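Hello,

Here is the structure I promised to pass on to you. Please have a look at it first, and then read my notes below.

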Amino acid sequence: MSISTDATNLDAAFLALADPTRRAILARLAHGEETVMQLAEPFAMTQPAISRHLKVLENAGLIVRRIQGAKRPCRLSSAGIETVDRWLAMLRDALAQDYDRLDGVLADVVENGEELK
């Protein structure tokens, strides 16, 4: 996957994640596959409105849908979730490096007997 494609996927994923209903749908799908009607149950909105949310999540690569007779079960997409997770891992690694550098500075201060202000 190219950097441009990764950036496009991340843009779509974070746009999809910006909506609390879509985050709630993903949280429900974290427990397993559900149909559109099952996903619509806890929300005070129509099935077509839920379907529009699902389309955004699907276009962002965060879920996949399949056809099973008249039902359209949805599940999380490991590829989409992993793309977001790789990007977040890069940020976690950068923060860890910052903390390691800070630990080094603090160790030098203590070793040299300097006072912290």
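**Where helix 2 meets helix 4**

In helix 2, Thr21, Arg22, Ile25 and Leu26 meet Ile50, His53, Leu54, Val56 and Leu57 of helix 4. Sorted by type, the residues of this contact are six nonpolar, two polar and one charged. Please keep in mind that this is a predicted model.

How do the two helices lie against each other? The axes of helix 2 (residues 20-29) and helix 4 cross at roughly 75° and come within 10 Å. Angles of 65 to 115 degrees count as roughly perpendicular, so helix 2 is roughly perpendicular to helix 4.

**Helix 4 itself**

Helix 4 covers residues 47-59, which is 13 residues. From its first C-alpha to its last, helix 4 reaches 18 Å, close to the 18 Å expected at 1.5 Å a residue. Its buried residues are Ala49, Ile50, Ser51, His53, Leu54 and Leu57. Among those that meet helix 2 are Ile50, His53, Leu54 and Leu57.

**Gly61 and Ser77**

Just after helix 4 comes Gly61, with a positive phi of about 80°. The backbone oxygen of Gly61 is reached by the side chain of Ser77 at 3.2 Å. You will find Ser77 in the loop between strand 2 (74-76) and helix 5 (78-111).

Is Ser77 buried or exposed? Its relative accessibility is 10%, and buried means under 20%, so Ser77 counts as buried. Leaving aside residues up to four places away in sequence, Ser77 touches Gly61, Leu62, Ile63 and Val64.

Enjoy exploring the model!

Best wishes

Technical notes
Residues numbered from 1 in each chain as written. Predicted model: local features only at pLDDT ≥ 70, side-chain atom pairs only at ≥ 80, totals over all residues. Heavy atoms only, no water. Helix = DSSP H or I, 4+ residues; strand = E, 2+ residues; numbered from the N terminus. Expected span 1.5 Å × (residues − 1). Buried < 20%, exposed > 50% of the residue type's maximum accessible area, 1.4 Å probe, protein only. Axes fitted to C-alpha atoms, helices over the stretch in contact; angles between N-to-C directions. Parallel < 35°, antiparallel > 145°, perpendicular 65-115°, else oblique. Contact = heavy atoms within 4.5 Å. Nonpolar A, V, L, I, M, F, W, Y, C, P; charged D, E, K, R; others polar. Polar contact = N/O pair within 3.5 Å; in protein donor to acceptor, adjacent residues only side chain to side chain.
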